[in-house]
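Work through these exercises with the model open beside you. Try each task before reading its solution.

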Amino acid sequence: MTHPRTLASPPPTTLPIHILNYKTPHLHSSTLSPHLNLRPPPRLTYAPPPSSSAASKTMSTEAALDHDTLLKQKRILRTKVKSDLKSMDPAQRAQEDIAIQKIVLEAPWYKSCKGLCAYISCSSLREVDTSNLLSDVLQTTNQDGHSLMGRKLYVPRVEDKNRHMRMLKISSVDDLIANSMNILEPNPVDADGNEREDVMLANDPVDMFILPGLAFDKSGRRLGRGGGYYDTLLMNYQNLAKERGWKQPLLIALSYSVQILDENVIPVAPYDIPIDALVSPSGLILIRQTAFERCQ
Ligand SMILES: Nc1nc2c(c(=O)[nH]1)N(C=O)[C@@H](CNc1ccc(C(=O)N[C@@H](CCC(=O)O)C(=O)O)cc1)CN2
Ligand SMILES: Nc1ncnc2c1ncn2[C@@H]1O[C@H](COP(=O)(O)OP(=O)(O)OP(=O)(O)O)[C@@H](O)[C@H]1O
């Protein structure tokens with residue numbers, strides 16, 4: 001079911017929800033995209049490496065070559081999507097930023113959420129803007145001046161280049177400072193010298209992750225920026241939730257229209273964590289069962 005509408009029109013108040021059949025992501029892509037000058041990736045047969053640096057030492061030569069091929073395919077696709085994002089009309093981008101955030105802000109699954117992890121968008125990376133969402137989560141009083149129950153917000157902090165990222169709790173955008181990549185991040189300690197809460201050490205679960213990415217498809221595939229930070233953190237958080245008997249967090253990505261690619265174009269490895277739903281300027285796209293159950 002699709003609900004086409006022009007981007008010039010304001011986002012609808014009744015949000016369109018695209019219902020799709022969830023398909024288990026495959027380990028390889030076998031179709032040629034008409035849009036991309038990419039060769040179909042070969043069948044990949046490797047197991048996930050225990051760590052990227054250890055990959056070539058622990059995998060067979062054939063598996064290591066397959067893994068290298070997959071990483072190369074991802075790099076080619078990233079270059080293509082970055083170029084498409086660069087060519088995007090700024091007015092269109094601004095409109096899509098507003099539409100995407102409005103969809104989230106008005107959604108019951110967002111309004112009822114008590115804790116979430118979200119990215120701090122970086123305009124030079126041409127990521128979907130999250131500033132309105134962050135202001136909303138961090139606001140402590142409503143329009144009538146009544147105090148609101150604080151929702152816990154955790155944001156990323158890269159700890160090292162070995163896929164180690166933490167999600168730390170912030171209570172204000174003033175808690176953020178630009179890192180070497182020019183992305184705003186929290187310091188590990190707050191202004192009072194107290195350690196910020198790490199989502200992995202919190203007593204309560206988060207309801208959702210709002211995810212960035214370079215490209216997505218409607219079967220749940222997500223192409224990140226190549227650091228392996230999110231796949232690693234999501235895997236660890238999913239394991240933690242399982243151990244504690246918590247509901248798994250909803251994994252929701254935000255995407256400009258040009259970032260949604262045909263199915264099977266995005267190469268995926270066994271360690272790539274699929275998303276549950278996708279918010280594009282034209283609506284919420286439900287992908288996995290958990291999103292059908294919690295977002296309708
Ligand atoms: N806003 C935001 N914060 C985030 C992420 C993200 O994707 N977006 N991350 C998600 O992991 C982590 C940081 N990872 C990053 C990985 C690469 C680049 C980056 O600037 N990449 C350049 C290419 C650099 C190169 O090829 O040498 C680029 O994408 O153009 C930035 C952040 C944590 N914080
Ligand atoms: N769970 C994991 N276990 C082992 N290695 C991993 C894992 N996740 C990612 N990696 C490694 O991290 C590197 C980057 O992976 P990849 O290109 O898939 O990142 P990405 O999905 O774009 O990044 P992100 O997860 O931050 O969005 C690769 O060398 C990959 O093998």
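**Exercise 1.** In which loop is N182 found?

Solution. N182 is found in the loop between strand 5 (176-178) and strand 6 (184-186). Helices (H or I, at least four residues) and strands (E, at least two) are DSSP runs, numbered from the N terminus. Next, the backbone: N182 is not a glycine, yet has a positive phi of about 70°. Most residues other than glycine have a negative phi. Last, the surroundings: N182 counts as exposed because it has 10 C-beta neighbours inside 10 Å. The cut-offs are these: buried means 20 or more other C-beta atoms within 10 Å of a residue's own, exposed means 12 or fewer, and partly exposed is in between, with C-beta atoms placed from the backbone.

A word on the conventions. This is a predicted model, in which local features need pLDDT of at least 70, side-chain atom pairs count only at pLDDT 80 or more, and totals for chains, interfaces and linings use all residues. Residues are numbered from 1 along each chain as its sequence is written, while chains are lettered from A and ligands numbered from 1 in the order in which they are written.

**Exercise 2.** Describe the packing of helix 3 and helix 5: what is the angle, and how far apart are the axes?

Solution. Helix 3 (residues 90-106) and helix 5 (residues 131-138) pack at an angle of about 25°. Their axes are 9 Å apart. Axes are lines fitted to C-alpha atoms, for helices over the stretch in contact, and angles run from 0 to 180 degrees between N-to-C directions.

Classify the pair. Helix 3 and helix 5 are therefore roughly parallel to each other. Angles under 35 degrees count as roughly parallel, over 145 as roughly antiparallel, 65 to 115 as roughly perpendicular and the rest as oblique.

Now list the contact residues. Helix 3 contributes Q101, V104 and L105, and helix 5 contributes N132, L133 and D136. Two residues are in contact if their C-beta atoms, placed from the backbone, lie within 7 Å. By type, the contact has three nonpolar residues, two polar and one charged. Here Ala, Val, Leu, Ile, Met, Phe, Trp, Tyr, Cys and Pro count as nonpolar, Asp, Glu, Lys and Arg as charged, and the others, Gly among them, as polar.

Finish with S131, which lies in helix 5. S131 is partly exposed because 13 other C-beta atoms lie within 10 Å. S131 and V173 are 42 residues apart along the chain, with their C-alpha atoms separated by 9.4 Å.

**Exercise 3.** Which residues does L184 touch, not counting those up to four places away in sequence?

Solution. Locate L184 in strand 6. Beyond four places in sequence, L184 touches I120, L176, I177 and A178. L184 has 18 C-beta neighbours inside 10 Å and so counts as partly exposed.

**Exercise 4.** How many residues surround ligand 1, and which are the closest?

Solution. The shell has 18 residues, the closest being P156, P212, R225, G227 and Y229. A residue is near a molecule if its C-beta atom, placed from the backbone, lies within 6 Å of it. Strand 3 (152-160) and helix 6 (229-244) each supply at least two shell residues. By type, the shell divides into 12 nonpolar, three polar and three charged.

**Exercise 5.** What average pLDDT does the chain have?

Solution. The average is 83, and 78% of the residues score at least 70. pLDDT is the predictor's confidence in each residue, from 0 to 100. Over residues 1-48 the pLDDT is below 50. For the complex, the predictor gives an ipTM of 0.96 and a pTM of 0.85.
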